[in-house]
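Student: I have a model open and would like to talk it through with you. Shall we go residue by residue and then step back?

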Amino acid sequence: MAQDQENGAGKIALKRELGLFSAVSIILAVMIGSGIFVSPTSALERSGSVGFCLVVWISCGLLSLLGALAFAELSTVVPRSGAEYAYFMEAYSPLHEYAGQIPAFICSWVYVVLLRPAEVAVVMLTFAEYGVQPFSYYLSDLPEESMRHLKKLIAMLALGLITYINLTSVKLYVRVQNIFTVCKVVACIVVIAGGAWWLWNGHTELLEKPFHGTTTSVGDIALAFYSGLWAYDGWTSAAIVTEEIQKPEVNILRSILIAVPLITMLYVFMNLMYMAALTMPEMVSAPAVAVVWADKVLPSWMGFAIPLGVALSTFGCSLSIQFGVSRLCYVAGGQGHVPRVFSFVHMEKMTPAAAVAFQGILALVCMLVGNIIALIEFASFLTWVFYGLAMVSLLIMRKTKPDAPRPYKVPIVIPWLVLGIAIFLAVTPIVAEPTPKYLFALIFILFGLVIYHMYVYKKVRSTLAAKLTYLIQALCLVVAPDKED
């Protein structure tokens, strides 16, 4: 019995089910989505040459690693799930009773209510698009409208499946995610191996003058780095689920040191293989670069490999995005920044079932709404605002928590560098393409501030909210987690 208590058996709380391999897997799953297979062309278009494009991809991988290392330190100072959200609460809340919690609230408001559910919806629709490609011969007689409905139905069914997996147990999630991560890495290796075979057979003409045509425009160079850094986004994934990682003080750092360099190598070599077989106009005009590349390089009998790779990659990506954001929802619920019922845990499965179900419903709504890409575009630049604020959190807690346990500590230049990159990435799209969508983002944030003032700061309560809480508890079989000793 003493052993059970020591291991947390019988306690209502999230369990530490994620080992080092699973932590690596979660980073790989979120960082490698469909983009590297479908549209990795923006950096090439802006850089102007093969050689400089590869320099951009390598540099962006290194910069992403530095940001991830800063998050590794933050995860030891604030060993709670939620990543940026948890760091904002710890760094800013003590500074001011009212304003101190606003950064954390807006972070949860943007991620939980809009950005992550919209991303899951888009990725699931991409899964459906490429999932049916191997069967296109048998579906060729379907009218275009029917095909569109079929793809949306497949996306909804897939959304239901990932929600079921995340509801059922963390162990099931781990098993499924690890399998899909291995499969997507194999798909990347297929591209690299196919490209190596292409080069071995003497097709090197497109690489003979690697730096010919390199841009001299500062604006284009900035936008090339902007595109590359966006492709690497997702390096915070392990920090989001800190409370479910075994030995997080060492495994988060190790997972970052394994996953981010591995992804950098895959991205660099995949882009090299694309550019060895396709001209810049061919890549820019291709609806899916990897598919066009495969038609030219791979044997015809392997035509299914790339669509299958994209389908596997997108399924695993959406599974992990939902897993992570449901944990953010869980942590925010504990602080009262979303309804507290979302911080409750399933009595038997020990998953934040209400938070997972809520995320599944929001993603379904995004699918049904239609123009999801616009939803993501008007909010996604805020991601780097939050990364920048996380770096400021690290700098603040170096002063306010000098004696906090820090098994790992980054040089002070790193958070300052990442802060500068974050400012650049947040401002660049607004300056380069000022559109009304950024005004919509501001309106969305202002609406969030109204919610914060009424329901978080003033703590307005209603009998309807209480009844909904009881209903969700009954439907999801969730109860408040036990307090930490």
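## A walk through the model

Tutor: Happy to! Let us begin with Ser 108, which sits in helix α7 (residues 102-131). Keep in mind that this is a predicted model.

Student: Is Ser 108 buried or exposed?

Tutor: Buried means under 20% relative accessible area. Ser 108 has a relative accessibility of 0%, so Ser 108 counts as buried.

Student: Which residues is Ser 108 in contact with, leaving aside its neighbours within four places in sequence?

Tutor: Contact here means heavy atoms within 4.5 Å. With the neighbours within four places in sequence set aside, the partners of Ser 108 are Tyr 85, Val 113, Ala 332 and His 337.

Student: Where is Ala 13, and which residues is Ala 13 in contact with beyond its neighbours within four places in sequence?

Tutor: Ala 13 belongs to the loop between α1 (2-7) and α2 (20-31). Its relative accessibility is 9%, so Ala 13 counts as buried. Leaving aside neighbours within four places in sequence, Ala 13 touches Val 345, Met 350 and Pro 481.

Student: How many Å apart in space are Ala 13 and Glu 243?

Tutor: Along the sequence, Ala 13 and Glu 243 are 230 residues apart. From C-alpha to C-alpha, their separation in space is 9.9 Å.

Student: And what separates the C-alpha atoms of Val 185 and Ala 222?

Tutor: Val 185 is part of helix α10 (residues 170-200), and it counts as buried at 15% relative accessibility. Val 185 and Ala 222 are 37 residues apart along the chain, and their C-alpha atoms are separated by 29 Å.

Student: Met 350 came up as a contact of Ala 13. What is the phi of Met 350?

Tutor: Most residues other than glycine have a negative phi. Met 350 lies in the loop between β1 (345-346) and α17 (353-369), and it counts as buried at 14% relative accessibility. Although Met 350 is not a glycine, its phi is positive, about 55 degrees.

Student: Lys 459 also has a positive phi. Is Lys 459 buried or exposed?

Tutor: Lys 459 is found in the loop between α20 (437-457) and α21 (463-476), with phi near 55 degrees. Exposed means over 50% relative accessible area. The relative accessible area of Lys 459 is 54%, so this residue is exposed.

Student: Let us turn to charges. Which residue forms a salt bridge with Glu 145?

Tutor: Side chains of opposite charge can pair when their charged atoms come close. With the closest N and O atoms 2.2 Å apart, the partner of Glu 145 is Arg 148.

Student: How many residues apart are Glu 244 and Arg 327, which also form a salt bridge?

Tutor: The closest N and O atoms of Glu 244 and Arg 327 are 2.7 Å apart. Glu 244 is in the loop between α12 (237-240) and α13 (248-277), whereas Arg 327 is in helix α16 (residues 305-334), so the pair links distant parts of the chain, 83 residues apart.

Student: Are these two, Glu 244 and Arg 327, buried or exposed?

Tutor: Glu 244 has a relative accessible area of 0%. Arg 327 is also at 0%. Under the 20% cut-off, Glu 244 and Arg 327 are therefore buried.

Student: Which network of salt bridges involves Glu 73, and how many salt bridges are there in the whole structure?

Tutor: Glu 73 is linked with Arg 398 and Arg 406 in a network of salt bridges. A search of the whole structure gives a count of ten.

Student: Stepping back, what is the radius of gyration of the protein?

Tutor: The protein contains 21 helices and two strands, and its C-alpha trace spans about 65 × 55 × 50 Å along the principal axes. For 485 residues, a compact globule would have a radius of gyration near 23 Å. The protein agrees with that, at 23 Å.

Student: Finally, what percentage of the residues is buried?

Tutor: The accessible surface comes to about 21,500 Å², with 68% belonging to carbon and sulfur atoms. Of the 485 residues, the buried share is 55%.

Definitions and conventions. Residues numbered from 1 in each chain as written. Predicted model: local features only at pLDDT ≥ 70, side-chain atom pairs only at ≥ 80, totals over all residues. Heavy atoms only, no water. Salt bridge = Lys/Arg side-chain N within 4 Å of Asp/Glu carboxyl O. Buried < 20%, exposed > 50% of the residue type's maximum accessible area, 1.4 Å probe, protein only. Rg over C-alpha atoms; globule rule 2.2 N^0.38 Å. Areas by Shrake-Rupley, 256 points an atom, 1.4 Å probe, with all protein chains shown as cover.
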